[in-house]
Amino acid sequence: MSLDHFAIIESTLREGEQFAGANFTQAQKLQIAESLDDFGAEFLELSSPVSSEQNEADVRAVVGLGLKARILTHIRCHREDALRALDTGVHGLDVVIGTSAALRQYSHGKSIDQILDLAEDVLTFIREQAPHIVLRFSTEDSFRSNEADLLRIYLRIAQMGVVNRLGVADTVGVASPNQVHQIVSLLRRLTHLDVEFHGHNDSGCAIANAFAALEAGATHIDTTVLGIGERNGITPLGGLIARLYMVNRELLVSKYKLPLLYELDHMIAEMVGVAVPFNNYITGATAFTHKAGIHAKAVLANPETYESIDPEDFGLHREVKIAHRLTGWNAIKARAEELELSFSDDQIKQITQEVKAMADKHVIDMADIDELLRDRASSETSEDRDVVVQ
Ligand code: HCA
Ligand code: CU
């Protein structure tokens, strides 16, 4: 399994550019490329230079940055596209062709035999032109393609000995983790080539499918920041990171600059005109917010009780919400200590009941709690004084 040895192909600048709200300027693309490189993404996949003149200029500009990340571009299975792409100086080509009946009929109109002939011609041509480039071949809509056709294509391509990597694409998000596991393990067993997984999220399995691919031996996973892409997108970078963190925290912390994730998610959200979802993996507004009294008590004693991810690994902080009717006295006590107000446990329990009663009547916030605590503290001191005076 390759959970401890994998690479991310960050496709915000290709699949992400296919997101409804994405219209990146060259300056934005350079900023995205630099940020992803800084984060530690091993590969950046860019839109095909054939798609527009500006896109061609953008590929050249990103290549010109001389980043540590290797630059790939994504092209159709055409000699012409390949030549245009190679001319930009990219380090690798991701070649794709549709293999499902629907795509064969309504997209390029080719039979499986014609696909094989074309792939053989184009891939061999690319290898002749660029002996050292990283070359990948992928079947679009793999999971709605006939399984026997798919295997025939992959095996023939593998036998040609010109590609470094095979791509499996769940183009419309139909695959389950089990299906992904099966095809990826089969390809790894039969070909020994690197295997990449690209998964859309139409039915909510994109992260689980990417993880299953890695468990099955996949070497490369496609992501985009926030998961942006066609329709509701693909495996989100942050979501994949969260999933992988669960099995190998040390590796993730050393391989990637995790504290940059918050910045990345918010930068892309702003560029494409969406908000970072409140429930987003790691960077959502409530990702590290604890509320119920039972949770707050345990988290205040030891955060691991209710946290599987340490926010500090991502440069973030947890929040314990205490201003609500589910609050508990341990949380109120902790707040009193923060304010340097001292009460007995019985007094804190009494104040907690007052907080709950208040929250039952209307929405309260921390200022209400602080006011109540200060008020009770000052009446305590005046009662003490009274006692002294008496
Ligand atoms: C698309 C193509 C693609 C390609 C994936 C790949 C897909 O539909 O725009 O090259 O592996 O989802 O099939 O993004
Ligand atoms: Cu896609």
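Trainee: How do the residues of the shell around ligand 1 divide by class?
Mentor: In this predicted model, local features need pLDDT of at least 70 and side-chain atom pairs count only at pLDDT 80 or more, whereas totals for chains, interfaces and linings use all residues. Residues are numbered from 1 along each chain as its sequence is written, with chains lettered from A and ligands numbered from 1 in the order in which they are written. If Ala, Val, Leu, Ile, Met, Phe, Trp, Tyr, Cys and Pro count as nonpolar, Asp, Glu, Lys and Arg as charged, and the others, Gly among them, as polar, the shell divides into two nonpolar, seven polar and four charged.

Trainee: Which strands each supply at least two residues of that shell?
Mentor: The shell holds 13 residues, each with its C-beta atom, placed from the backbone, within 6 Å of the ligand. Strands being DSSP runs of E with at least two residues, and helices runs of H or I with at least four, both numbered from the N terminus, the suppliers are S4 (92–98), S5 (134–140) and S6 (165–170).

Trainee: Is His 78 buried, exposed or partly exposed?
Mentor: His 78 is found in the loop between strand S3 (70–76) and helix H3. A residue is buried if 20 or more other C-beta atoms, placed from the backbone, lie within 10 Å of its own, exposed if 12 or fewer, and partly exposed in between. His 78 has 18 C-beta neighbours inside 10 Å and therefore counts as partly exposed.

Trainee: How far apart are the C-alpha atoms of His 78 and Arg 325?
Mentor: Along the chain, His 78 and Arg 325 are 247 residues apart.
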